[in-house]
Amino acid sequence: LSPLTNTETASLLSLSQTLRLPLLSLSPLLCPLRNLAIGIGIQNFPEGLAVSLPLRGSGISTWRAFWYGQLSGMVEPVAGLLGAVAVVLAEPLLPHALAFAAGAMVYVVIDDIIPEAQVSGNGKLASWTSILGFVVMMSLDVGLG
């Protein structure tokens, strides 16, 4: 058996949350899913408190504030399924999106740093170190895969 990919893990976790399957008794292959589900459960306590305590402080009854806190977590299974679908759909676009983000970061750095360096008299140094940094980055990308 091969390890699960991120897409498979997200899909199985979303399915198990939606169907309310107990992840504690599943095979060892799904132990990471169990641990993730426990982490989500632990994270839900302060999330529910963040909804319930201000409501209680504003005068709403304890039970009503509790149920509003519970309702705030009811969207998670639906959002989990939508998230799993989005991961599957967006996976082919990920390399292009990351390349766009990297290009935008390089542009912003060069657009801000080189003109600022021109003012202080270090324009050539800033230009050459930017070029050198780009060459090192591309060499590492090609060399390391």
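Analyst: Let's start with one rule: two residues are in contact when heavy atoms lie within 4.5 Å. This is a predicted model, where local features need pLDDT of at least 70 and side-chain atom pairs count only at pLDDT 80 or more, while totals for chains, interfaces and linings use all residues. Residues are numbered from 1 along each chain as its sequence is written, and side-chain values use heavy atoms, with hydrogens and water left out.

User: Okay, so which residues does Ser 52 touch, leaving out those up to four places away in sequence?

Analyst: Ser 52 touches Ala 65, Phe 66 and Gly 69. Ser 52 itself sits in helix H2, residues 31-57. Helices here are DSSP runs (H or I, at least four residues; strands are E, at least two), numbered from the N terminus.

User: Is Ser 52 buried or exposed?

Analyst: The cut-offs are relative accessible area under 20% for buried, over 50% for exposed, and partly exposed in between (1.4 Å probe, protein chains only). Ser 52 has 13% relative accessibility, so it counts as buried. Across the protein, 14% of the 145 residues count as buried.

User: How many helices and strands are there in the protein?

Analyst: Six helices and zero strands. Read from the N terminus, the order is α-α-α-α-α-α.

User: What describes a pair of aromatic rings?

Analyst: The distance of the centres and the angle of the planes. Rings of Phe, Tyr and Trp (its six-membered ring) pair if their centres lie within 6.5 Å; planes under 30 degrees apart are stacked, over 60 edge-to-face, and the rest tilted. This structure holds two such pairs. One joins Trp 63 and Phe 66, edge-to-face at 5.8 Å centre to centre with 85° between the planes. Both residues belong to helix H3 (residues 62-73), three residues apart, or about one turn of the helix. Phe 66 also pairs edge-to-face with Trp 67, at 5.2 Å centre to centre and 75° between the planes. Together, ring pairs link Trp 63, Phe 66 and Trp 67 into a cluster.

User: What are the relative accessibilities of Trp 63, Phe 66 and Trp 67?

Analyst: Trp 63 is exposed at 61%. Phe 66 is partly exposed at 36%, and Trp 67 is partly exposed at 48%.

User: How do helices H5 and H6 cross?

Analyst: Axes are lines fitted to C-alpha atoms, for helices over the stretch in contact, and angles run from 0 to 180 degrees between N-to-C directions. The axes of H5 (residues 94-119) and H6 (residues 123-144) come within 7 Å and cross at roughly 150°. That makes H5 roughly antiparallel to H6 (under 35 degrees is roughly parallel, over 145 roughly antiparallel, 65 to 115 roughly perpendicular, the rest oblique). Residues making the contact include Ile 110 and Ile 113 of H5 and Ala 126 and Ser 130 of H6.
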